[in-house]
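Keep in mind that the model is predicted.

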Amino acid sequence: MTTHSHVILNIALLSKRDKPFLHRYAFIGAVLPDLPLFIFFIIESIIRKTPNDELWGTRYFTEAWQNFFDIFNSVPLILILLGIGYYLLNSERITVFAWSLLMHCAFDLLTHNDDGHHHFYPLSNFAFESPISYWDRDHYAGIVAPIERVVFLIASIYLFRRLKTRLARWCLIIVNVLFVASYLLFFLFRSR
């Protein structure tokens, strides 16, 4: 799934009308597993000027980068955090953050084919290869991507009513416009 799908869906599923401050913890938990990917892209593409084919065909799959990605997508490490937050600290903030991290990993597990993470790092280097992909047309992205957009829009409609400030509602609208535009550019108008 795309990062903004993780964000909207996680906030919608973890939000509490009477505790809007928890939105930020769901947001951070939804974004954090993808943060290493953005760092990778900035370093490899912008700073090192790695060509696109090498970037996604070789560099992405190097052991160093994969380990960096896997730390932020490690279900065992997240479960430890969840246990600490829920049982030891009784912290709703940490618990929502950890659940958001877990949800991100679960959705990624379902929508990544050959580019999935080692979700059981450091216990195992096993990477589940889902039969579907949110971006790869060879693995049903032509079906998965529109479904992701519909779920995203439904979650946005649900979330819109729960957001209390105009700024938050405008941010949600802008994210939706950008999301639809990215879908049109990537899937509909891109040459095959």
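## The second largest pocket

The second largest pocket holds about 430 Å³ of space. It's lined by 20 residues, and the ones closest to its centre are Ile-11, Phe-27, Leu-163, Ala-168 and Cys-171.

Sorted by class, that lining comes out as 14 nonpolar, four polar and two charged residues.

## The largest pocket

Now for the largest pocket, with a volume of about 840 Å³. Its lining has 25 residues, and Leu-37, Trp-56, Asp-115, Tyr-134 and Trp-135 sit closest to the centre. Helix 1 (3-14), helix 3 (35-47) and helix 9 (166-188) are the elements that give two or more residues to this lining.

Helix 9 makes the largest contribution to the lining of the largest pocket, with four residues.

Helix 8 covers residues 141-162, which is 22 residues. From first C-alpha to last, helix 8 reaches 31 Å, close to the 32 Å expected at 1.5 Å a residue.

Which residues of helix 8 are buried? They're Ala-141, Val-144, Ala-145, Glu-148, Arg-149, Phe-152, Ala-155, Ser-156, Leu-159 and Arg-162. Look down the axis of helix 8 and these buried residues fall within an arc of 140°, so they line one face of the helix. An α-helix has 3.6 residues a turn, so residues three or four places apart point the same way. On the other side of helix 8, Ile-143, Ile-147, Ile-154, Ile-157 and Arg-161 are exposed.

Definitions and conventions
Residues are numbered from 1 along each chain as its sequence is written. This is a predicted model: local features need pLDDT of at least 70, side-chain atom pairs count only at pLDDT 80 or more; totals for chains, interfaces and linings use all residues. Side-chain values use heavy atoms; hydrogens and water are left out. On a 1 Å grid over the protein atoms alone, a cavity is a set of points where a 1.4 Å probe fits but cannot get out, and a pocket is an open set with protein on both sides within 12 Å along at least five of seven lines; lining residues have an atom within 4 Å of a point. Grid points are joined across faces, edges and corners, and a volume is the space filled by probe spheres set on the points. Ala, Val, Leu, Ile, Met, Phe, Trp, Tyr, Cys and Pro count as nonpolar, Asp, Glu, Lys and Arg as charged, and the others, Gly among them, as polar. The expected span of a helix is 1.5 Å times one less than its number of residues. Buried means under 20% relative accessible area, exposed over 50%, partly exposed in between (1.4 Å probe, protein chains only). The arc is that of the directions from the helix axis to the C-beta atoms.
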